[in-house]
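Please look at the sequence and the model before reading on.

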Amino acid sequence: MEHKYADSDGVSIHYVQAGSGPLAVFIHGFPDFWYFWLHQMEGLSDTHTVAAMGTRGYNKSDQPKGVENYDMQFLINDVAAVIENEGHEKAVLIGHDWGGGIAWSFAAARPAI
């Protein structure tokens, strides 16, 4: 597993990547971070590139000041930054708790990805 960072308009988003193949991005809920997905990553890394991100404000991702910096559009952009950083145009999103809301909002806002 490799620790990586994606730039989302100047906000550093930490994630852990493993495997190869189609991309699956894991988005944690409150109050977790990427490690929540460790066992699922191990299970899918034989057939997929897996990337478990820490959303902004959590763990090693940047923590911008001001509630306005946590608008859903910024969270969607953070997921897109991870996908782009991995060199993929499409991804399967897997979310839990608040991460499920981010995944759903991403799918509604960017259905082509």
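How many residues does helix 3 have, and how far does helix 3 reach from its first C-alpha to its last? Helix 3 has 12 residues and reaches 17 Å, close to the expected 16 Å (1.5 Å times one less than the number of residues). Helices (H or I, at least four residues) and strands (E, at least two) are DSSP runs, numbered from the N terminus.

This is a predicted model: local features need pLDDT of at least 70, side-chain atom pairs count only at pLDDT 80 or more, and totals for chains, interfaces and linings use all residues. Residues are numbered from 1 along each chain as its sequence is written, and side-chain values use heavy atoms, without hydrogens and water.

The 5 strands form an open sheet in the order 1-2-4-3-5, with mixed pairing (two strands pair if DSSP finds at least two bridges between them). Strand 1 (2–8) and strand 5 (92–95) are the edge strands, each pairing on one side only.

Angles run from 0 to 180 degrees between N-to-C directions, with axes fitted to C-alpha atoms, for helices over the stretch in contact.

| Helix | Strands touched | Angle |
|---|---|---|
| Helix 2 (residues 72–85) | strands 1, 2, 3, 4 and 5 | about 125° with strand 1 |
| Helix 3 (residues 98–109) | strands 3 and 5 | about 150° with strand 5 |

In helix 3, G99, I102, A103, S105 and F106 are buried (under 20% relative accessible area, 1.4 Å probe, protein chains only). They lie on the same side of helix 3 because they cover an arc of only 165° around the axis, taken from the directions from the axis to the C-beta atoms. Their cover includes strand 3, helix 2 and strand 5.

Methods:
Contact means heavy atoms within 4.5 Å. Buried means under 20% relative accessible area, exposed over 50%, partly exposed in between (1.4 Å probe, protein chains only).
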